[in-house]
There are 2 protein chains.
Amino acid sequence: MQTEIIIIGNELISGKTRDLNGWYASGCLLSHGLEASEIRTVGDNYDTLSSVLKSAVKRSHFIIVTGGLGPTEDDLTAEIASRALDMPLILDQAVLDHIKNTTKKLALNWSASLEKLAWLPKGAKMLDPQGEMCGFSLSKGDSLLYFLPGVPEQMRELMNRCVIPDILRRYKPAAVPRHRILKVYGLSESRISDVFKGLTAELKKVMFGFYPSFPENHITITVRGKDDTEIERELDRAEKKIRHLLGPYIFASGDEIMESVVGEALKERKMTISVAESCTGGLIGHRLTSVSGSSLYFERGLIVYSNLSKVEMLGVMENTIDSYGAVSDQVVREMAVGVKKIAKTDMGLAVTGIAGPLGGSEDKPVGTVFIGLAVDGEIYSGKYCFSGDRDKVKHNTSEMALDWVRRYLNGYPFIPGI
Amino acid sequence: MQTEIIIIGNELISGKTRDLNGWYASGCLLSHGLEASEIRTVGDNYDTLSSVLKSAVKRSHFIIVTGGLGPTEDDLTAEIASRALDMPLILDQAVLDHIKNTTKKLALNWSASLEKLAWLPKGAKMLDPQGEMCGFSLSKGDSLLYFLPGVPEQMRELMNRCVIPDILRRYKPAAVPRHRILKVYGLSESRISDVFKGLTAELKKVMFGFYPSFPENHITITVRGKDDTEIERELDRAEKKIRHLLGPYIFASGDEIMESVVGEALKERKMTISVAESCTGGLIGHRLTSVSGSSLYFERGLIVYSNLSKVEMLGVMENTIDSYGAVSDQVVREMAVGVKKIAKTDMGLAVTGIAGPLGGSEDKPVGTVFIGLAVDGEIYSGKYCFSGDRDKVKHNTSEMALDWVRRYLNGYPFIPGI
């Protein structure tokens, strides 16, 4: 059953607005076993949309179309569909009555431009005859077209409440694909690819996908079939193999994120943490506290941007800064110990570095970062050199620092620095 | 000059990832006078991509293709293009040498899967022979195809540095539209829309666009024409009118962001700032320090998540917390004064609130936030109630707090709270 998605709107092909509907519709369809072959995004333009609709009905069974259904004069979808599909545009009295009733019900003023919404290609069926949203379906040859509004909330509701049930009445998905997502930090895409070389040949029923999501890499495992138990067994087998190959580089699966994984590990061990941030400027604290319930383990954080604040608030020795510089192994260790002591937490996590673009030197180029962790009477520290702009260095630093906590709590070695 | 954009990636037609590249490429092209007729998003699938490429070279002069250039085995773009366009895939020795040199230069390990990047359709030209990114162009009949990596940062850089200049060598745009962007905080879209009612009729040569970008609203002013002086005059006129109507609600224009505007204002007045964050957990510090050179005005920040940390580090009275709660006007005022005093800065900025989803009460529902600013011997404070999830409440709080600084420094009144 070929399926495609057509997204209409001038704002979407002029860099003004990022489309939300194609992305949403494709995920919605896939979760019911229908893979969209394509998402076509076009403007409110007669020639382009017309040819896109004509080619869609030649090859696809289900066609989702969004946008251009409103009352303003740049909303042309119904008219273009009528001409492209050769189905005359008529004033649908039932639809007009429905719009008038809805307007009354919502206590809105009737406006002449609303009549436009009732001019539909002959044969159109309202998607939501009980509700308040516009949207209609059209049958043309072997194809069924669903026309939905472009407003994301309305589109989503109609998709779930009307379109998917209608599709499922006509089509029983044979094999719904199931996915798992594993998230990797600390290995490059090409390293991951090398690791997977043999696996793809070995696990023939499994499809792998690789998606960089800076600074992480996400791996999807997909299995398709009819027997749920068998699918789960294949997924289990694939996940086990991957975990065996990538081990502690896998930090999360599914919807988990680094900060939630770290939070769970801290909660499980009933440990608390405090952070001392220089180059990340608060990003680690922000990430830790983006998880609901983080007050159980996150006590406080110090953004020690100036040298003076490192000395005054953390007890870093002036002498250490003078001798080694604020970006140094010695300073990060004193920062980690200092914040742990002041906050009376089980762990003290510290970072100092040069986020750039200014402040680099030959000895310590932009991207030089030190991470320190004081815990269980020990101090661990390491040096990294991250590439990229200020934002990337900050993000990579926060990720590596959180990964240190995760690895420590799980008994894994830290990712080697330089 | 017909132009189209082809976006490749299984993750983009399965609801996993929202595309950034089609949106970006279309905006980039339009700002140079080229309107894309369509954005086609397809999976890494031989049949679909092949037919999309074939129909593209039949009708379009410039074709931007992104994705599927990486080293993993689901990266199939070069191979599919070679077969669809009938241009044999060859191992390009110059490209291979370039990759080997780049790997060496970046001190990365050579990995066998990297050789794949040098297998290109015959006639392909590297887009960035001096740089480190993959990407190539192909000439086929009257069409020129640009193949770019799917990683947004790389795609953007190549688009601006290599593709656009190459296109402009072949095509002189007749009437490039010029834009200005004005950024608004603190007014809803419908309020802005009301304000613009008369303006659209009055300024006929100007097109306005309204784009919510949470928690901000961005307004684009577009004028199209051949005479630069006249265009600029129209833009000036429109901008002046809008500024007159929206006044201090406009916080930035063009590429400026709230944190850079605040930073510039602090630098200009040679003032320093420190922050005390509870519910934002470091986000304000992170935003302030995301601007290069922020160490000139940002001294330190305290993420006082626990009550104890508010007392110990800021000198907030235990009694105040007991009497009014940690989320209260009284506490935020003591926080602002405390951080200013400890950091010895010109300004102390503080926030405390309930980011949710837990912790709300009838009296203080989720989204209740207090902001405090100590400066020039005065203490200002205000209460807001933001809607949305934890992330939205944190972002809105950080934006409002930064906006307080901006408004104070410019002599504007703060946005009224409740």
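Which residue is the bridge partner of A:Leu302 in E14(B)? The views below take this up. The model is predicted: local features need pLDDT of at least 70, side-chain atom pairs count only at pLDDT 80 or more, and totals for chains, interfaces and linings use all residues. Residues are numbered from 1 along each chain as its sequence is written, and chains are lettered from A and ligands numbered from 1 in the order in which they are written.

**View 1. Strand E14 of chain A joins strand E14 of chain B.** Three bridges link E14(A) to E14(B), residues 298-303. The two strands run antiparallel. B:Leu302 is the partner of A:Leu302. Strands pair if DSSP finds at least two bridges between them. Strands (E, at least two residues) and helices (H or I, at least four) are DSSP runs, numbered from the N terminus.

**View 2. Chain A meets chain B.** Here 60 residues of chain A are in contact with 64 residues of chain B. Contact means C-beta atoms, placed from the backbone, within 7 Å. Elements giving two or more residues to the chain A side include helix H1 (21-30), strand E2 (36-42), strand E14 (298-303) and helix H13 (390-410). That side holds 23 nonpolar, 25 polar and 12 charged residues. Nonpolar covers Ala, Val, Leu, Ile, Met, Phe, Trp, Tyr, Cys and Pro; charged covers Asp, Glu, Lys and Arg; the others, Gly among them, are polar.

**View 3. Chain A has 13 helices and 17 strands.** Its C-alpha trace spans about 85 × 55 × 40 Å along the principal axes. Of the contacts in chain A with a separation of 6 or more, 66% join residues 24 or more positions apart.

Definitions and conventions:
Contact = placed C-beta atoms within 7 Å.
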